[in-house]
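Work through the exercises below with the sequence and the structure in view. Each task is followed by a solution in steps.

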Amino acid sequence: MITPEQLTGLAEAEYVEIIRYIVLQYEDLDTNFVKLSSDHVNLHAMYEGQMSAIKETFSQKLNNSQNLSQNISSNIVTILLNLGNRLSCLIAGKFYDRRKTLTSAVVDDTTRD
């Protein structure tokens, strides 16, 4: 038969085991919470890093697009100026050819007399 002292000792031992189990569970929860907090911080840092990289890439692409647009505009202006110069030369050349033809006709008329 179990004496009351033995029963009290068993109850105290069981109580100590329950307390140990609760402490271990609390420590596991605390460890998991710290790990989750650390993971959250790491994920947030990764997110910020990726957003920064995306913003930088977008900024570079925007600058490249603006530079390309300026280059295209500059090339169009250059082409138009070159076409204008060529057209001017063609027109001037035609007038020169007509003047030359008229002058030689006048010269021919004077030599006939």
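**Exercise 1.** What percentage of the 113 residues in the protein do buried residues make up?

Solution. The model is a predicted one. Buried means under 20% relative accessible area. Buried residues come to 0% of the 113 residues. The accessible surface of the protein is about 10700 Å², and carbon and sulfur atoms account for 63% of that surface.

**Exercise 2.** Decide whether Y15 is buried or exposed, then name the patch to which Y15 belongs.

Solution. Take the accessibility first: the relative accessibility of Y15 is 54%. The cut-off for exposed is over 50%, so Y15 counts as exposed. Next, the patch: Y15, V16, I18, I19, Y21, I22 and V23 make a nonpolar surface patch of about 660 Å².

**Exercise 3.** Find the salt bridges and describe each pair.

Solution. Begin with the total: the whole structure holds 2 salt bridges.

- R20 pairs with E17, and their closest N and O atoms are 2.9 Å apart. Both residues lie in helix α1, 3 residues apart, which is about one turn of the helix.
- K35 pairs with D39, with the closest N and O atoms 3.2 Å apart. K35 and D39 also lie in helix α1, 4 residues apart, about one turn of the helix.

**Exercise 4.** Explain why E17 and D39 count as partly exposed.

Solution. Partly exposed lies between the cut-offs of under 20% for buried and over 50% for exposed. E17 has 44% relative accessibility, so E17 counts as partly exposed. D39 has 30% relative accessibility and therefore counts as partly exposed.

Key: Residues numbered from 1 in each chain as written. Predicted model: local features only at pLDDT ≥ 70, side-chain atom pairs only at ≥ 80, totals over all residues. Heavy atoms only, no water. Patch = residues over 30% accessible without salt bridge, like charges linked within 9 Å, V, L, I, M, F, W, Y side chains within 5 Å. Areas by Shrake-Rupley, 256 points an atom, 1.4 Å probe, with all protein chains shown as cover. Salt bridge = Lys/Arg side-chain N within 4 Å of Asp/Glu carboxyl O. Buried < 20%, exposed > 50% of the residue type's maximum accessible area, 1.4 Å probe, protein only. Helix = DSSP H or I, 4+ residues; strand = E, 2+ residues; numbered from the N terminus.
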